[in-house]
Amino acid sequence: MASISSLGVGSNLDLSTLLSQLQTAESQPLVALQQRQVSYTSKLSAYGTLQSSLGTLQAAAKKLSDPALFQGVKAVSSATDVLTAAAAGTAAAGTYAVEVTQLAQPQSLVAAGQASTTAAIGSGTITIDFGAITGGTLDAATGTYSGSGFTKDATRTAVPITIDSSNNTLAGIRDAINAAKAGVSASIVNDGSGTPNRLVLTSSQTGEASSMRVSVAGDAALQNLLNNDPAGTQNLRQTVAGQNAKLSVNGIAVTSASNTVKEAIQGTTLTLLKTGSSSLSTQADTAAVETAINDFVKAYNSLQATANTLTAYNQDSKTGAALVGDSTLRNLQTRIRQALTTPQAGGPDDMKVLSEIGVAFQKDGTMAVDSTKLKSALAGNLAGVSGLFASATGSTAGYGKQLSALVDDLTSTGGALKVASDGMTASLKQLDEQYADMKTRVDAKVERYRTQFTQLDLLMSQMNRTSSYLTQQFASMQSSSK
């Protein structure tokens, strides 16, 4: 069967253009479906943007719904070079005079000098106990005690440190002590003498009860280097005594094994930095509450701005944003506004509405904060502000809790925004299926047109050839008759 290389060649008709026009006409329903897909996709995206703004608002509301926010206490030191302080919720408001007379420090012991750090010394087992040196006197010149006792700290278990041929040098002993993590830091100091290398042991913890007693079971060389009992033989010299921190709080003497002093002042942790005096005040941390309230107002206004953008109408282009006239968004805004304008329950002296703390709605639907009024409310009635937003576990009172619950209701399964989003998703899926089905039908119809046009082209081509042949025959006959 003859074939046509291009439509219209056989018939001299513009069949390709005609087929293209028919295809365009048949595809018009597909264009309408695509326009609906674009509209639904825009709505679905808008709902996602709206949900994100609601999430930000809910996070701000949740922060205000926690009673602990309103129980925060801050501690302020008048001399931060002497001490700093951190207060927990259990701290009581007050002012305290603190005098630091002594900082806690760890004990440090030094061994006799050695000519080399790599020469073998001896083998055995080193055991380091921790405890308090009691009684007796310290000879500052020799760094040794006389007439003293040693009370071991029973709560700390000594770690045996093995010294053998693999680590029996001064450097090896240092490394073995450090690797054992026995509560001691070991180092070697070179003092520049004829036997300059001196092993230094420093307790990892400060305080009198972290003083060291070093026992060696092994050969005489290792014993002579490290055996050290404050109540007996002392081969090490104390260069720094283990001591507690000493301070007074409002004239009351306080001691601490560490420079981090907890609960000397209720609910407060002091970090001692040097000796000296400081006035310490503990007071309610209203700044954190003020920030949280301002963040809440910003989140609400951001939601309003998002809603305005999603419902905007352009007069010039006569086009509207994705959610123009959307009932879901309108109802959502109404419910949130109602939640924030409904007075809280409470006694006659309790705060019940946001305007009492300087938070008020504006004509454009946003909220504004009167900072002066808010600061005054926080300073004068922090408990009342707390009751306005937060409540104990099991209660639903407070704008913070109520708004957080409302957002959950709107966005969880069965909620208005969730239903609307799921509806758009289902509609898009249906449109995809309709588009695929219609595209198949349009393609099949255009293919039928193509087949028919091809057949027409072939037929016209054959007819043109027959016409040409007959014309030639008639011309030949006329020529012969003449």
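This is a predicted model: local features need pLDDT of at least 70, side-chain atom pairs count only at pLDDT 80 or more; totals for chains, interfaces and linings use all residues.

Residues are numbered from 1 along each chain as its sequence is written, and side-chain values use heavy atoms, with hydrogens and water left out.

Let's begin with helix α3, residues 170-180. When I say helix or strand, I mean DSSP runs, numbered from the N terminus: H or I with at least four residues for helices, E with at least two for strands. And buried means under 20% relative accessible area, exposed is over 50%, and partly exposed is in between, with a 1.4 Å probe and protein chains only. Which residues of α3 are buried? They are Leu170, Ala171, Gly172, Ile173, Ala176 and Ile177. And what covers them? The cover includes the strands β5 (124-134), β9 (161-163), β10 (184-190) and β11 (197-203), plus helix α4 (220-226).

The rule for a salt bridge is a side-chain nitrogen of Lys or Arg within 4 Å of a carboxyl oxygen of Asp or Glu. Arg174 is partly exposed at 25%, and Asp175 is partly exposed too, at 41%.

Now, the cores. In soluble globular proteins, nonpolar side chains tend to be buried together. A nonpolar core, for us, is a set of buried Ala, Val, Leu, Ile, Met, Phe, Trp, Tyr and Cys residues joined through side-chain atoms within 4.5 Å. The largest one here has 47 residues, and the members touching the most others are Ile336, Ile357 and Phe389. Which elements give two or more residues to this core? That would be α2 (28-65), α5 (286-310), α6 (327-341), α7 (371-380), α8 (382-389), α9 (399-411) and α10 (416-481). The biggest giver is α5, with ten residues. If you zoom in on Ile336, you'll find it touching Leu54, Leu57, Tyr300, Leu303, Leu403 and Leu406, ignoring residues up to four places away in sequence. There's also a second, separate core of 24 residues, and among its members are Leu170 and Ile173, along with Leu225 and Leu236.

Back to salt bridges: how many are there in total? The count comes to seven. One of them joins Asp81 and Lys274, with the closest N and O atoms 3.0 Å apart. Asp81 sits in the loop between β1 (73-77) and β2 (83-87), and Lys274 in the loop between β17 (268-272) and β18 (276-284), so this pair ties together parts 193 residues apart in sequence. Another one links Asp409 and Arg335, at 2.8 Å from N to O. Asp409 is in helix α9 and Arg335 in helix α6, so here the tied parts are 74 residues apart in sequence. And there's a network of salt bridges linking Asp129, Lys152 and Arg213.

On to the strands. Two strands pair if DSSP finds at least two bridges between them. Have a look at β3, residues 94-102: β3 pairs with β18 in the antiparallel sense over seven bridges, and there Ala97 stands opposite Ser279. β3 also pairs with β14 (residues 245-249), again antiparallel, over four bridges, and in that pairing Val100 stands opposite Leu247.

Last stop, the loop between α8 and α9, where you'll find Ala390. Is Ala390 buried or exposed? Ala390 is buried, with a relative accessible area of 6%. Leaving aside neighbours within four places in sequence, Ala390 is in contact with Leu64, Ser65, Asp66, Pro67, Phe70, Ala397 and Gly398. Then compare Met438: that residue is 48 residues from Ala390 along the chain, and their C-alpha atoms are separated by 57 Å.

Technical notes. Contact means heavy atoms within 4.5 Å.
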